[in-house]
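Please view the sequence and the model alongside the points below.

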Amino acid sequence: MLSLHSIKLSKSRKGTVIDYVRTLSILDHGIMLKELYPHCIEDTNKSTPEEIVLRVNLKNAEEAKKFKKHSSVVSNTEWIVYNYNRYPQKYVFSKTWLCHHSKRHKRLPKRNADCKAKLSILIKKITKATKKTDKYLKFDVPLVGKVKISLFHTHNTTSAETLRMRRVDDEVCQQFYQYFSSGMSPIEAIRFHENKFVLEDDIMGLDKASINPTHNQVYYLHSFWKNANLSS
C-alpha cells in the first residue's frame, strides 16, 4: 500500500516547506489513483521525494492511456508526449509525458513555465527473465505496469488562468462537432454547452478549457468542422 515514505524523506531536505507541500501533492495523487486501481501499490524502494513509483496491473496501451487520463483529472495536469516506446519487442507499452507548461514546443511565453512535472508509464512483458528480476511480476495479479509520477509544477494548477489555457479534450471536440452538425452556430453551441455546467451547478467545470472551451477555441473547432464537412 502507499506509505509516508516520501514525506519523511522530504522533511529532511533543504527548503522543507516547499518540498513538503510538493511531496504531499505527489502522495495524494498516488492515493487517489489507488482508489481507482485496487491492484496498485507504491514501490517504496524506488520512490523518492521528487517522484512516486507505482506498480499497477495495466495490460495494454488502451489501459495505459486511461490511466494517463485519470492522472490528468486527479492532478489538474494536461500531459503532452515527450517520448515513446522505440523497442516494441522489449515492452508492451512505454511512453513519457510532460506537463503542457513545460518548455517543450512552446512559442508563447505565457505557456512556458519550464514546468518539470512528468508522467511515465511502462508495461513490461512477462517472461522467465523478467520474472527473475522483478518481484511484482510474480504476484497472483502481476503488476506489469510501472508508473513514475513527478508533480513538481512550477505554476499554479488550479488558477483560472491555468485552467483556461488547457487544450480541449477529444470527447469535447466531438460534442461540438455534433452541435455544429445539428445546425448550431458557434455562439449557440457555446451557450448550450455552458448551460450544461450551470444546470449541474459545476462552477469549476466552467473554468476548465479542456471541457468548456474558450470562444476562440470554439470558433477554431467550427472552422475545422466547416472545412471538413462543407467544403466542395
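Helix H7 (residues 186–199) and helix H9 (residues 215–229) have axes that come within 10 Å and cross at roughly 125 degrees. H7 is therefore oblique to H9, where angles under 35 degrees count as roughly parallel, over 145 as roughly antiparallel, 65 to 115 as roughly perpendicular and the rest as oblique. The model is predicted: local features need pLDDT of at least 70, side-chain atom pairs count only at pLDDT 80 or more, and totals for chains, interfaces and linings use all residues. Residues are numbered from 1 along each chain as its sequence is written, and side-chain values use heavy atoms, with hydrogens and water left out.

**Helices H7 and H9**

- Axes are lines fitted to C-alpha atoms, for helices over the stretch in contact, and angles run from 0 to 180 degrees between N-to-C directions.
- On the H7 side, Pro186, Ile187 and Ile190 meet His215, Val218, Tyr219 and His222 of H9, contact meaning heavy atoms within 4.5 Å.
- The contact of H7 with H9 comprises 5 nonpolar, 2 polar and no charged residues; Ala, Val, Leu, Ile, Met, Phe, Trp, Tyr, Cys and Pro count as nonpolar, Asp, Glu, Lys and Arg as charged, and the others, Gly among them, as polar.

**Helices H6 and H7**

- H6 and H7 pack with their axes 10 Å apart, at an angle of about 125 degrees.
- This angle makes H6 oblique to H7.
- H6 passes H7 in a crossing that is right-handed.
- Val172, Gln175, Phe176, Tyr179 and Phe180 in H6 meet a set of H7 residues, namely Pro186, Ala189, Ile190, Phe192, His193 and Lys196.
- Sorted by class, the contact of H6 with H7 has 8 nonpolar, 2 polar and 1 charged residues.

**Gln175 in helix H6**

- Gln175 belongs to helix H6 (residues 170–181).
- Its relative accessible area is 30%, so Gln175 is partly exposed (buried means under 20% relative accessible area, exposed over 50%, partly exposed in between, with a 1.4 Å probe and protein chains only).
- Apart from neighbours within four places in sequence, Gln175 is in contact with His193 and Lys196.
- Between Gln175 and Ala189 there are 9.5 Å in space, C-alpha to C-alpha, and the two are 14 residues apart in sequence.

**The sheet**

- Six strands form an open sheet in the order S1-S2-S6-S5-S4-S3, with antiparallel pairing; two strands pair if DSSP finds at least two bridges between them.
- Strand S1 (40–42) and strand S3 (79–84) are the edge strands, each pairing on one side only.
- From one strand to the next, the twist averages 20 degrees.
- Strand S4 (residues 91–99) pairs with strand S5 (residues 118–124) in the antiparallel sense over 7 bridges.
- Lys118 in S5 is the bridge partner of Leu98.
- Helix H3 (residues 61–75) packs on the sheet and touches strand S2 (52–56), S3, S4, S5 and strand S6 (145–150); the direction of H3 makes about 155 degrees with that of S5.
- The pairing of S3 with S4 is antiparallel and covers 5 bridges.
- Opposite Tyr84 stands Lys95 in S4.

**Ser120 in strand S5**

- Ser120 has its place in strand S5.
- Ser120 counts as buried because its relative accessibility is 14%.
- Beyond neighbours within four places in sequence, Ser120 is in contact with Lys95, Thr96, Lys146, Val147 and Lys148.

**Leu36 in helix H2**

- Leu36 is found in helix H2 (residues 16–36).
- With 45% relative accessibility, Leu36 counts as partly exposed.
- The C-alpha atoms of Leu36 and Phe67 are separated by 9.2 Å, and the two residues are 31 apart along the chain.

**The chain as a whole**

- The secondary structure comes to 9 helices and 6 strands; helices (H or I, at least four residues) and strands (E, at least two) are DSSP runs, numbered from the N terminus.
- Of the 232 residues in the chain, 41% are buried.
- Among contacts between residues at least 6 apart in sequence, 62% join residues at least 24 apart.

Definitions and conventions. Left-handed = near helix turned anticlockwise from the far one by under 90°.
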